[in-house]
Amino acid sequence: MSNVSRAWNIDDLRRMASRNVPKHFFDYLYGGANSETTMQSNRADFARWDLKQKVLVGIQDNTTDLGTGYLGEQHKLPMLLAPIGFAGMHHHHGEIAAGRAAEKAGIAQVLSTFSIASLEEVAQSHRGSLYFQLYMFRKRELTEHMLERCRRAKIGTIFLTVDTPFAPVRERDERNGFRARTSVSPGMLVSMLRHPLWCLGTLANGMPNVGNCRPYPELGKSLMEQAVNLGRMIDASLSWNDIGWLRDRWEGKIVIKGILDADDARRAVDQGIDGIVVSNHGGRQLDPAPSTIDILPEIVQAVGGRTEILMDGGIRRGADVLKALALGATAVLIGRAYIYGLGAGGEKGVARCLELLAGEMRPALNMMGFHTIAELKAAGADALRQNPWFGRSGEAGDQETVRPNRRGGPLTAVN
Ligand SMILES: Cc1cc2nc3c(=O)[nH]c(=O)nc-3n(C[C@H](O)[C@H](O)[C@H](O)COP(=O)(O)O)c2cc1C
């Protein structure tokens with residue numbers, strides 16, 4: 001565990017996590033699809049927008065409120081923890097630790113189907129808002145059974161992820177032999193043994209596996225077997241017709257995650273969907289695809305006011321959150337950023353991540369002339385200014401800058 005109070009931004013947490021977590025898990029978290037163009041533009045395109053400063057507006061101390069409502073509940077921050085597969089491999093009981101940090105910060109957690117802790121374990125571990133991320137499997141009975149388990153665990157909202165019908169090449173994983181194999185390679189074993197503290201924590205309660213798969217022994221016993229078999233079960237032939245199937249079987253809220261196109265957003269609204277997540281899976285699927293901050297205004301224009309529009313991708317700064325909200329997002333999902341916190345310091349690290357983002361948002365919001373998120377949302381895009389130099393300077397922002405490694409090979413994280 002690192003001393004996360006020494007982290008001053010998400011990049012610091014990322015560096016700490018990269019030292020604590022075996023390489024194949026860290027690379028799996030960090031990386032994107034193919035040339036990682038989308039992953040990089042998710043970050044870089046935030047620079048298109050500047051926050052407009054307003055002075056002498058008489059902001060009173062202690063009146064700032066970052067609270068906001070989403071999916072029918074009031075939350076203390078306009079954020080949610082995104083579903084991240086294998087989060088529990090970045091810290092023991094990772095999903096539970098993250099959920100507890102989310103509860104304390106007053107935000108919701110979206111639990112991945114591919115979590116290490118089962119949905120039942122996470123639901124029992126905290127009293128905060130918990131949503132479940134669902135995949136539609138070819139064996140519909142499996143999806144139905146997961147819905148039933150959510151119901152029993154009192155989860156009322158599901159996020160149906162629709163942007164993973166096919167598995168693109170993620171070069172970092174290919175090199176590490178991760179996700180394609182059903183057993184641990186010698187390289188992975190070495191990388192785990194190089195992190196004895198991680199081994200002690202993660203393996204203390206036996207070999208980890210995909211918690212949500214435990215009731216289905218036919219999917220295999222080990223983490224890697226289950227991950228491969230479950231991944232193969234995702235229904236690539238899913239179509240809009242299947243959304244009705246889900247609606248008939250789920251009385252709670254349904255959010256579609258992975259919308260990147262205005263027409264698709266309209267179709268989701270026509271199907272009576274409660275919310276969408278404008279997402280490209282953190283640049284891990286179609287590459288190159290539009291960055292989410294770039295496509296967000298188009299989607300807001302198409303369906304804004306008719307459904308809730310959440311967004312994720314590349315959020316590493318409080319200002320990023322403010323930009324997304326000004327452009328019409330109800331709230332944003334935090335992805336890699338909180339897992340860096342988890343890898344750096346477990347629950348404390350996730351709490352630090354949220355504290356850093358909120359700590360940046362508060363003064364920025366005030367300097368923009370607002371006390372509340374509601375005021376920012378009411379001002380909308382008028383609260384921002386398009387940077388006339390965007391795209392000309394070649395600057396990609398300060399976080400997660402990437403550069404070719406010395407051998408001229410694949411891009412590697414700058415640590
Ligand atoms: C390691 C990793 C695993 C992920 N696993 C899932 C998943 O199981 N289900 C899902 O819907 N999205 C998954 N995502 C996508 C995230 O929910 C989210 O869309 C993305 O991380 C946002 O981008 P950011 O990481 O730049 O914030 C995953 C992302 C990462 C980085």
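The ligand is surrounded by 21 residues, and the closest are P83, S112, T161, D312 and G314; a residue is counted here if one of its heavy atoms lies within 4 Å of the ligand. The model is predicted, and its local features need pLDDT of at least 70, side-chain atom pairs count only at pLDDT 80 or more, and totals for chains, interfaces and linings use all residues. Residues are numbered from 1 along each chain as its sequence is written, and side-chain values use heavy atoms, with hydrogens and water left out.

An N or O atom in the side chain of D312 is 2.6 Å from an oxygen atom of the ligand. The backbone takes part through a polar atom of R336, 2.8 Å from a ligand oxygen, and through a polar atom of G85, 2.9 Å from a ligand nitrogen.

Helices are DSSP runs of H or I with at least four residues, strands are runs of E with at least two, and both are numbered from the N terminus. Two packed helices are described by the angle between their axes and the distance between the axes. The axes are lines fitted to C-alpha atoms over the stretch in contact, with angles from 0 to 180 degrees between N-to-C directions.

From α4, the contact (heavy atoms within 4.5 Å) involves G94, A97, A98, R100, A101, A102, K104 and A105, and from α15 it involves Y338, L342, G346, E347, V350, A351 and L354. These residues comprise ten nonpolar, two polar and three charged; Ala, Val, Leu, Ile, Met, Phe, Trp, Tyr, Cys and Pro count as nonpolar, Asp, Glu, Lys and Arg as charged, and the others, Gly among them, as polar.

Helix α1 (residues 10–20) also packs on α15, at about 170 degrees with the axes 10 Å apart. This angle makes α1 roughly antiparallel to α15, a term for angles over 145 degrees. Residues in this contact include L13 and M16 of α1 and Y340 and L356 of α15.

Two loops hold local backbone features. The peptide bond from D287 to P288 is cis, with omega near 0 degrees, and P288 lies in the loop between β9 (275–278) and α13 (292–303). N34, although not a glycine, has a positive phi of about 50 degrees; N34 is in the loop between α2 (23–30) and α3 (37–44).

Note on methods
A polar contact is a pair of N or O atoms within 3.5 Å; within protein, one must be able to donate a hydrogen and the other to accept it, and residues adjacent in sequence count only if both atoms are side-chain atoms. Angles under 35 degrees count as roughly parallel, over 145 as roughly antiparallel, 65 to 115 as roughly perpendicular and the rest as oblique.
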